[in-house]
Every structure is written in C-alpha cells, then in structure tokens.
Amino acid sequence: MNIVYLNGVFQPASEARISVFDRGFLFGDSVYEVIPFYQGVGFRLEAHLERLRHSLRAVRIHTELDWHDILQELVAQNGGGNMSVYLQVSRGDVGERSHDFDEAMAPTVFACCQPIANIYTAGTAKVQPIKAIVTADVRGHRCDIKSTCLQSNIMVLQQARSQGASEALQVRDGLLTEGTSSNLYVVRQNVIYTPKLSSEILGGITRQLVLELADEHGIQYQETDIDYEQLLDADEVWISSSTRAVVPVVEVDGEIIGDGEPGPLWAKMFQLFIDFHHTLMTGRGDG
C-alpha cells in the first residue's frame with residue numbers, strides 16, 4: 001500500500017485530500033525537496049533539509065516540524081529499502097482564491113515516496129550516458145528557491161525528449177546555468193568547471209558533494225562562467241542530481257562531446273561516489 005504523509009497523518013494515498021483553495025494547487029505557492037533514502041538512510045539528509053529551510057525562509061512560509069522523524073517514518077511505512085522521498089510545503093488554504101496571504105496561516109505539508117534503484121551498486125559500465133540539447137533559460141531570477149513552479153522546466157525537458165535527448169541545458173545571457181533538474185559540469189584538461197552559484201542556479205546537494213570529493217582527492221575544479229562554445233569544446237560533460245548521481249553527457253545538440261564515450265575523470269568521480277555511498281551505508285559516514 002502506498003502510504004503518504006499529509007498534515008500530521010500517515011494514510012493511504014487514495015485517502016489523502018487537500019482543499020481546492022490550497023495555494024500550492026492554485027498558484028504553485030509552495031516549495032519542495034526530493035531526497036533519496038538508501039536502506040533507510042537519507043542521502044545528505046541535513047543538507048537537503050537546510051535547502052528546504054532556505055526556500056521556506058525566502059518565500060516566508062513558517063513551519064517547525066521534526067522532518068527527520070516524519071521522513072524516516074514515511075520510508076518505514078512504505079517498506080524501507082531504497083526510496084525517493086518527495087516533500088512539499090505549500091502556504092496553505094484560507095478558503096478562497098486570493099493573491100494576498102497572512103504569514104500566520106498554517107501551511108500544507110505533504111510527503112510521498114517511491115522505490116528507486118541503488119545506482120551505486122551498478123558500477124561505471126552500467127551507467128548509460130545521455131544526450132542533451134541547449135535551450136534558453138526563461139525561468140525567473142530566483143532559481144535558488146526550490147519552487148514547485150516548474151512549468152518552464154517541464155516544457156524544455158519535453159522539447160529535449162522530442163529530439164531524442166534526456167536533458168535540456170539552459171543558457172541565460174550567453175552563459176550556461178543548469179539542466180531542468182540537474183547541475184552542469186564540463187571537463188577540460190582534467191579540470192572540472194561548473195557554473196558558479198547565484199540566485200539563478202539551484203545549489204545542488206550532489207553538486208556540493210562533487211566539489212568536496214574533488215577537493216579531497218586532488219582534482220582541480222573552478223566555479224566559473226561557461227558559454228556554449230566551451231560546452232561543445234569540452235573533453236567531458238556531466239550532469240548531477242541526488243537521484244541520478246553524476247551522469248556523463250556524450251552528445252549536445254547533435255555534436256559529439258570528446259570521443260563520444262564517458263570520460264576517465266567522470267569514471268573516477270563516479271567511483272568516488274560509490275566509495276562515499278558504501279561508507280554511508282555501512283554506518284561509517286554521516287551522509
């Protein structure tokens with residue numbers, strides 16, 4: 001049975017209900033996180049929750065809940081194992097459609113989960129490289145807020161899929177920002193380059209880990225501007241997200257990246273992820 005959490009109650013998904021006047025439904029006035037759990041252990045759980053708190057502060061939604069207990073219990077009630085947990089907090093419902101809001105209103109808190117594969121047990125040979133396209137970044141200027149207003153992301157991802165690609169890399173004012181649900185990296189001469197953080201880029205949890213692992217293992221990296229020509233001239237291109245880890249991109253807009261195969265620095269980084277994951281799952285790390 002699919003169990004969800006809604007406003008303090010764990011219940012079957014078929015029984016969960018929200019008001020038609022909930023602001024998350026009417027306006028997308030809500031924020032969210034997606035957090036992988038492997039064998040009941042949250043992947044960088046506290047970092048995900050701190051990003052949630054950042055989003056909540058930015059949009060002035062106020063709630064104080066024990067997120068750890070809620071999510072652990074939700075995973076347990078759905079059988080444990082490897083789960084992707086979706087957590088959404090909307091501003092709530094005042095019983096009518098109105099743009100105005102009262103900061104004291106009670107938010108609507110919803111969470112659900114679904115099984116995911118343990119990508120870290122497959123090894124580099126099992127990871128499928130992807131193709132991507134580049135599109136204009138037509139989102140707003142507060143992409144650091146993980147908002148549920150994802151229509152622009154959805155439309156450009158659909159455009160990518162209609163062209164036989166798996167991701168759309170977005171460009172604003174001539175510079176690459178990020179994918180529809182991923183951060184971007186290019187590799188040239190064994191140096192990792194990734195767009196520097198700003199309000200127009202979501203600070204990815206896996207992005208943070210990539211840079212930490214690079215630092216720990218003597219891999220050079222720079223947070224810098226990346227333009228379209230630099231993307232196509234790269235030796236390697238990667239994307240990352242918490243549910244996909246680090247994925248090699250071997251073709252962009254029909255142009256082959258490098259030799260068209262996952263590169264050696266990507267393989268090294270993916271192995272570092274496998275080692276990190278093993279440490280986490282055996283209880284020797286804090287995630």
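User: How many residues does α4 have, and what span should they give?
Analyst: The twelve residues of α4 should span 16 Å at 1.5 Å a residue, and the end C-alpha atoms are 16 Å apart, which agrees. The expected span is 1.5 Å times one less than the number of residues. Helices (H or I, at least four residues) and strands (E, at least two) are DSSP runs numbered from the N terminus.

User: Where do these values come from?
Analyst: This is a predicted model, in which local features need pLDDT of at least 70 and side-chain atom pairs count only at pLDDT 80 or more, while totals for chains, interfaces and linings use all residues. Residues are numbered from 1 along each chain as its sequence is written, and side-chain values use heavy atoms, with hydrogens and water left out.

User: Which residues of α4 are buried?
Analyst: N153, V156, L157 and A160 are buried (under 20% relative accessible area with a 1.4 Å probe, protein chains only; exposed is over 50%, partly exposed in between). They cover an arc of only 105° around the axis, which puts them on the same side of α4; the arc is that of the directions from the helix axis to the C-beta atoms.

User: And what is on the other side of α4?
Analyst: Q151, I154, M155 and S162 are exposed there. The buried residues of α4 are covered by elements including β7 (130-136) and β8 (167-172), where contact means heavy atoms within 4.5 Å. Just after α4 comes G164, with a positive phi of about 80°.

User: Moving to α3, which residues are buried?
Analyst: In α3, residues 67-77, the buried ones are W67, I70, L71, L74 and V75. Seen down the axis of α3, they fall within an arc of 125°, so they line one face of the helix. D69 and A76 are exposed on the other side of α3.

User: What covers the buried residues of α3?
Analyst: The cover includes β1 (3-6), β2 (9-12), β3, α2, β5 and β6. After α3 comes G79, whose phi is positive, near 95°.

User: What about the second largest pocket: how many residues line it?
Analyst: It is lined by 13 residues, and R51, L197, L202, G203 and G204 lie nearest its centre. The elements that give two or more residues to this lining are α2 and α5. About 220 Å³ of space lies in the second largest pocket.

User: How many cavities of 30 Å³ or more are there?
Analyst: The count comes to two. The largest cavity has a volume of about 40 Å³, and D235, P248 and G263 are among the residues that line it. Strand β14 gives the most to this lining, with three residues. The second largest cavity, of about 30 Å³, is lined by R60, I61, H62, R91, D102, E103 and M105. Each volume is the space filled by probe spheres set on grid points, joined across faces, edges and corners.

Terms used:
1 Å grid on protein atoms, 1.4 Å probe; cavity = no way out; pocket = protein on both sides within 12 Å on 5 of 7 lines; lining within 4 Å.
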